Amino acid sequence: MTTTLITGANKGLGHETARRLLAAGHTVWLGARDIERGTAAAAGLGARFVHLDVTDDTSVAAAVATVEAAGGLDVLVNNAGIEVRSPDGGIIGAAELTADVMREVFETNVFGLVRVAHAFLPLLERSAAPVMVNISSGTASLAQAGKGYPGVAYPVSKTAVNMLTVQFAKAFPLMRINAVEPGYTATDLNRHEGTQTVEQGAEAIVRTALLGPDGPTGGYFDLAGRLPW
């Protein structure tokens with residue numbers, strides 16, 4: 001039985017990914033910082049709930065202890081992420097960008113990912129077929145920078161996620177560690193402005209989470225295949 005943990009999974013892409021992996025036969029830990037919403041979401045899916053705030057060391061350590069006591073972990077999906085906008089809902093471009101905005105986004109999207117990955121790596125190393133999926137974005141591609149989305153903090157944070165993915169994959173060659181661009185999906189993160197459903201967006205995440213030991217690692221993928229860095 002494959003055991004999977006998904007961060008930020010009480011709604012959106014994380015929730016749909018949990019549903020799909022449960023259907024594929026995984027035991028799924030639904031991680032969420034809101035205990036009430038997370039518990040309800042897990043109960044509705046038939047998943048296990050674990051309280052997990054990726055910005056808090058104590059919360060992450062407690063989640064590791066819970067998952068370890070229940071038998072360990074095979075797949076980690078680093079899904080939790082945020083985008084910060086102005087008070088009127090506008091995208092914060094280069095002219096309005098402040099260090100505080102950048103810090104807030106990085107605390108969840110980058111430092112949170114590192115915090116969770118570092119804490120759960122010992123459990124993944126015990127798995128016969130460990131997998132880590134890091135949710136990235138098409139806006140993270142340096143090769144395609146300057147197109148579309150005018151914000152700064154979010155794409156910069158996801159470019160950092162891509163580099164973290166490469167470095168972790170290099171350091172742990174027996175794991176399948178990849179970055180995934182789910183596509184512009186309608187979720188709370190983008191005020192439901194996305195052009196595809198969570199069912200469509202979760203497809204690439206699920207596919208990567210189901211990789212076997214002979215699958216690719218250290219890559220950056222969307223549903224169609226590899227993306228340019």
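Where is the place of Thr108? Thr108 lies in helix α4, helices being DSSP runs of H or I with at least four residues and strands being runs of E with at least two, numbered from the N terminus. The structure is a predicted model, in which local features need pLDDT of at least 70 and side-chain atom pairs count only at pLDDT 80 or more, while totals for chains, interfaces and linings use all residues. Residues are numbered from 1 along each chain as its sequence is written, and side-chain values use heavy atoms, with hydrogens and water left out.

Thr108 has a relative accessibility of 10% and therefore counts as buried (under 20% relative accessible area, with exposed meaning over 50% and partly exposed in between, for a 1.4 Å probe and protein chains only). When residues up to four places away in sequence are not counted, Thr108 touches Val54, Thr55, Ala80, Gly81, Ile82 and Leu113, where contact means heavy atoms within 4.5 Å.

Two packed helices are described by the angle between their axes and the distance between the axes. Axes here are lines fitted to C-alpha atoms, for helices over the stretch in contact, and angles run from 0 to 180 degrees between N-to-C directions. Helix α3 (residues 57-69) and helix α4 (residues 99-125) have axes that come within 10 Å and cross at roughly 25 degrees. This angle makes α3 roughly parallel to α4 (angles under 35 degrees count as roughly parallel, over 145 as roughly antiparallel, 65 to 115 as roughly perpendicular and the rest as oblique). The crossing of α3 past α4 is right-handed, a term for a near helix turned clockwise from the far one by less than a right angle, with anticlockwise giving left-handed. On the α3 side, the contact involves Asp57, Val60, Ala63, Val64, Val67 and Glu68, which meet Arg115, Val116, Ala119, Phe120 and Leu123 of α4. The residues of this contact comprise 8 nonpolar, no polar and 3 charged; Ala, Val, Leu, Ile, Met, Phe, Trp, Tyr, Cys and Pro count as nonpolar, Asp, Glu, Lys and Arg as charged, and the others, Gly among them, as polar.

The contact of α1 with α6 divides into 7 nonpolar, 3 polar and 4 charged residues.

Thr27, in strand β2 (residues 27-32), is buried with a relative accessible area of 17%. Thr27 and Arg48 are 21 residues apart in sequence and 7.8 Å apart in space, C-alpha to C-alpha. Glu181 is placed in the loop between β6 (176-180) and α6 and is buried, with a relative accessible area of 15%. Glu181 and Leu227 are 46 residues apart in sequence and 8.6 Å apart in space, C-alpha to C-alpha.
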